[in-house]
Amino acid sequence: MASSTFQTKLLDLQSNLLNFAYTLTANRDDAYDLLQDTTLKALDNEDKYVDNTNFKGWVFTIMRNIFINNYRKVVRSATVIDQTEDLYHLNLPQDSGFETPEGSIAANEIGDAINSFADEYRIPFSMHVAGYKYNEIAEQMNLPLGTVKSRIFFARQRLQEMLKDYR
């Protein structure tokens, strides 16, 4: 295939390639980067293209492979390898949420403050913090929605007042 024909076919596919890149990346800027990488790679490997084969499939395969390789590169770079002698970093509790001992103490004090509330405030507030929606809390406690919202609001205010020294 002549070089000009190859380039024309490649340019004709740019909008299709951009759409495919967007479906792969779900990000406009990343899609443009992937399109550019694919175009450059196709132009660099023009001599490897064999006539009478599916040109569109060949270029789309290049794009898919570039995307997969980039994804694998990102995953590898995000992998933490513990090179300490006693595997100290692997043995740390990862989900504690406390970066410092002070954070642990603060969390305990917040929990104690919440537990000091009367049940009518503590239960809806705790459920809200746990991720329940207002209407779910109202249903569970057989209370009107407005009552639940106001109790959570007053519990939040009281908690802020009790822990104002942490600001």
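How do the residues of the lining of the largest pocket divide into nonpolar, polar and charged? Here are a few notes on that and on other spots worth a look.

1. First, the ground rules. This is a predicted model, in which local features need pLDDT of at least 70 and side-chain atom pairs count only at pLDDT 80 or more, while totals for chains, interfaces and linings use all residues. Residues are numbered from 1 along each chain as its sequence is written, and side-chain values use heavy atoms, with hydrogens and water left out.

2. The pocket. The lining of the largest pocket divides into 3 nonpolar, 5 polar and 1 charged (Ala, Val, Leu, Ile, Met, Phe, Trp, Tyr, Cys and Pro count as nonpolar, Asp, Glu, Lys and Arg as charged, and the others, Gly among them, as polar). Among the lining residues are Lys-41, Asn-45, Trp-58 and Ile-62. Helix H4 (residues 55-78) gives the most to this lining, with 7 residues. Helices here are DSSP runs of H or I, at least four residues, numbered from the N terminus. A pocket is an open set of points on a 1 Å grid over the protein atoms alone, where a 1.4 Å probe fits, with protein on both sides within 12 Å along at least five of seven lines; lining residues have an atom within 4 Å of a point.

3. Helix H6. In H6 (residues 119-129), the buried residues are Pro-124, Phe-125 and Met-127. Seen down the helix axis, they fall within an arc of 160°, so they line one face of H6; the arc is that of the directions from the axis to the C-beta atoms. Buried means under 20% relative accessible area, exposed over 50%, and partly exposed in between (1.4 Å probe, protein chains only). After H6 comes Gly-131, with a positive phi near 110°.

4. Thr-39. This residue of helix H3 (residues 28-44) is buried, at a relative accessible area of 16%. Its side chain reaches the backbone oxygen of Leu-35 at 2.8 Å. Beyond neighbours within four places in sequence, Thr-39 is in contact (heavy atoms within 4.5 Å) with Leu-10 and Gln-14.

5. Two loop residues to check. Ala-26, in the loop between helix H2 (14-25) and H3, has a positive phi of about 60° although it is not a glycine. Asn-52, in the loop between H3 and H4, also has a positive phi, near 65°. Ala-26 is exposed at 59% relative accessible area, and Asn-52 is exposed at 82%.

Conventions: A polar contact is a pair of N or O atoms within 3.5 Å; within protein, one must be able to donate a hydrogen and the other to accept it, and residues adjacent in sequence count only if both atoms are side-chain atoms.
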